[in-house]
Amino acid sequence: MELRLLGAVEFDIDGRSVTPRRPQERLVLAALGRDAGRLVSTETLIDRVWDTAPTNARRTLHVLIAYLRGLLRDAGEPIIETSSGGYLLRLPPDRVDAHRLRRLVDAAAAATGERRRDLLREALEQWRGEPLAGLRGAWADRTREALCQLRIDAVVAWSAAETQLGRPTAAIETLTELIGANPYVETLPAALMHALIAAGRSAEALEVFGRTRRRLADDLGIDPGAELQAVHHEALTGGPARADRAPVPAELPAPVPSFVGRQAELAELESLSAVSPVTVISGTAGVGKTALAMVWAHRVADRFGDGTLYVNLHGYDPAQPMSAATALEHLLASLEVPLADIPADPDARATRYRTTLAGRRALIVLDNAAGVEQIRPLLPGAGRCAVVVTSRDRLSGLVAVGGAGRVDLGVLPALDAIYLLRELIGQRVLDEPEAAQRLAAQCAHLPLALRIAAEHAAGRPGLSLRDLAEELDDEQSRLDVLSADPDAYAAVSAVFSWSLRHLPATAAATFTALGHHPGVDFTTPAVAALTGGTLDDARAALATLGKAHLVFPAGGGRFGLHDLLRAYAARLAAATGATAPAERICGHYVDMAARAADHFYPAEAHRRPAVPPGAAVIPLPDAAAAQAWLDAERQNLVAVARTGIGRYPVWLSTILYRYLDGRARDEAAAIHQHAFDAAEAAGDTTGQAHAALGLGATERRHGRYDVAADWFARASELFERAGNVGAQARALGNLAGAEEQWCRYADAAEHLHQAQQLYNRAGDRTGQALALCHQAVIEIRLGAYDDAGRHLRQSIGIARALGDRPAEATGLANLGDVHLRLGQLPEAERCHREALDMHVHDGDRVGEAWGLTALGTTLTTMGDPRAGADHHERALRLLREVGQLDGEAWAHNGLGEAAHAAGDHRAAIESHRAALDCATRTQARDQAARAHHGLGRAHGALGDATTTREHLGQAADIYRDLGAPELAEVEADLTAAAG
């Protein structure tokens, strides 16, 4: 006897089909079959059968079960049993086709060669059609989607197995069919392309990539992911991409030492994970939710070939919980999605996350969630990923509506609590069992409190456990917390207080000072700044607090606090009424940020505010150390800006302007917006203007030139109102830059002229150099190459005199462009190489990316398209990493021109199409025209005269509207095409 879910829901009894007559009856049977051999509660069945349960749901369910029993009794198979609180389908899981499919796929993952191929074939033979055919409802839809994804994974794996065995064409038909039904699952076209390449059909593989790329761009607004890009490269070059496949993420924190008990909960996690992709661990604070999740996750991590992801959502920290959008950015970065490919819109970001995970098998731990709304965007779509969520909230909406399983974690049983004390304290627990029981009870059997109490006891070996328990009794009476507030926080407050009372005064004061820290982790220097002490004092205090389990090491010389302890520290800090620690820590971060910025952009030091010396500063010997510090502290810098304390938010926005330009989109926007809000509240016009400048730069780097122009114009007005001539010039120069990239050359020239006049009035030589460089860029766009060359040489001369290396490198790169357009190729190559070397030496990854694509175009023009393509590919990887969507259009166009020069016109078409997509998204009309020109030439080389004229005509229209010199070449190509 078998139950079939992969198709119409029915029983197969000795080759005879037995089918319930009505959809609701089949839905009840499917709901029981999903958990075959396990008790399914009445509540769960009701949730699965009805989206909105009727008032008589229990009675109706009883009638439906009675019908199914009768149907099976007539067939001689009475297998539905009633138990306390639910029903059980007494059938081995392997007698249900859906369970058998999953078992075979899992078995294949551990096999190799022909055995792997055969297991996958057998798995796919289970498929009879759409799962749960004809059944509707939220649970049925989710289950069907999950089973369809499992089939997709099996087909992809089968195709790979056949290809490895020399039969690449075996799965092509099935893959093609599945792509039609699942157009956004990138693993399917990737598998099809692999098979086609192995079969010697690379041209067809390129066509598959082109169709997929256009579909993703048109429907979702995204580019193909890393896997598809790599296969595309293989199809183009005949070999795998040179960069090795990135290692899979392995982000799980270490499991807690001396973990005891919880065997039933671990078994329940194992069981639930077999039937639901999402499992919730809920329980009160300090009960050990994260510890349980980590122990289980480490046990099963090797089942997930695509890695393990971890995010602490800080749902109950006193600081602001992590937003779903920020969590998605972290998760996508862990999945190797380039920054430029991470959408700004939260919904689009969640879509990209689900698309990236489609077809993968990864374990995702979402720790310390505040509620369902924070979690829902972080769940993958249907597939083979598993998610574990920990939360104080029971997340009932996720369980009832989303089908998640849940483990409700209570305090440790008394025997396990005693055993944990014995593990941590030793023989004294056996010598004083009654006192140990009393101590465990005083800790409310909460693991966090038990560990702190145990460390305290271990540190006072001369005191009996009885005496320690009496001390804790006195502490509880003093605080009077247990009777006034029975929650977990109150239950452990006495333990925290008791432990602190017996620490050295310096360590206890340090713990209180940590309550003033605005971020989520901290270093030794930050602690020294909080306390006003020395680094040695901070180091010793942290060692004492760590030994007492009041802080924990977070890796890389950083430390953290459990959220309960953070809340307790914040409460103690607030009770002191002191404001100096918060001022000191903000001052520490702002001063360190200023010192780091001096390494990056020394020539602009006069533009940054002079900030008071901070406490506990540490040396930053070079630009690499400065960048490492800024990267590590970025979240804490956002937290400082969020405090709104004094002028610190505005100072941070101004100091970090250059560092944040082109990186860390979310953090940059947050810091500048917090600064703008703080300055507006304080009536600080200059502060508002600096923050507006930062917000404009953030928008400009991500191709939103219209929004950027609005912010720059606002900054200019505010600086003018404040009487800051030099800063107003800077805002106008940035406005001109955005308008130039927006191809509004007349407006850009006008604003640039205004900026130059103001720079001259202010005597700002750095600004003068930048304005000359910007003026030259506009002149290049309009074909005034002699004027551009003269202005660039003036700009480079000023930059060299000032020691402004970034400005010098930018000037050299643009001078190389002038030489290129004048046909002076050796001079162009020399300028581009010199500029690129400077960017690399200075650690300027944005400048390096632009330098690579500029040099790539020069090398292609010099007759070396292979070297040109190599530089454009390197540029494209960097541009994606740093989030420069506008630069991607340049690199894609460069790749297209290199492919055309090498005679690979189909590859040229794909690259120019990708460039056109990027240019359209960023409103970069000049690069759109360049893409159309490239497409016209490539289609012409392939003999498609109609498409050639269409693209050349569009290029001519845009260039004519822009007044660009490229129009002449396009018109010549149009004339040739017409002939």
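Which residues lie nearest the centre of the second largest pocket? In this predicted model, local features need pLDDT of at least 70 and side-chain atom pairs count only at pLDDT 80 or more, while totals for chains, interfaces and linings use all residues. Residues are numbered from 1 along each chain as its sequence is written, and side-chain values use heavy atoms, with hydrogens and water left out.

Arg34, Ala146, Val275, Ser276 and Pro277 lie nearest the centre of this pocket, whose lining comprises 46 residues. A pocket here is an open set of points on a 1 Å grid over the protein atoms alone where a 1.4 Å probe fits, with protein on both sides within 12 Å along at least five of seven lines; lining residues have an atom within 4 Å of a point. The volume of the second largest pocket is about 1,200 Å³, taken as the space filled by probe spheres set on the points, which are joined across faces, edges and corners. Helix H6 (138-164) is among the elements supplying at least two lining residues, and H6 gives the most, with 6. Helices are DSSP runs (H or I, at least four residues), numbered from the N terminus.

Turning to another helix, H44 (residues 905-922) includes Thr922. Of the 18 residues in H44, 14 are buried, that is, under 20% relative accessible area with a 1.4 Å probe, protein chains only. Thr922 counts as buried because its relative accessibility is 0%. Leaving aside neighbours within four places in sequence, Thr922 is in contact (heavy atoms within 4.5 Å) with Gly703, Tyr705, Leu885 and Asp886. H44 is followed by Gln923, whose phi is positive, near 60°.

Definitions and conventions: Buried means under 20% relative accessible area, exposed over 50%, partly exposed in between (1.4 Å probe, protein chains only).
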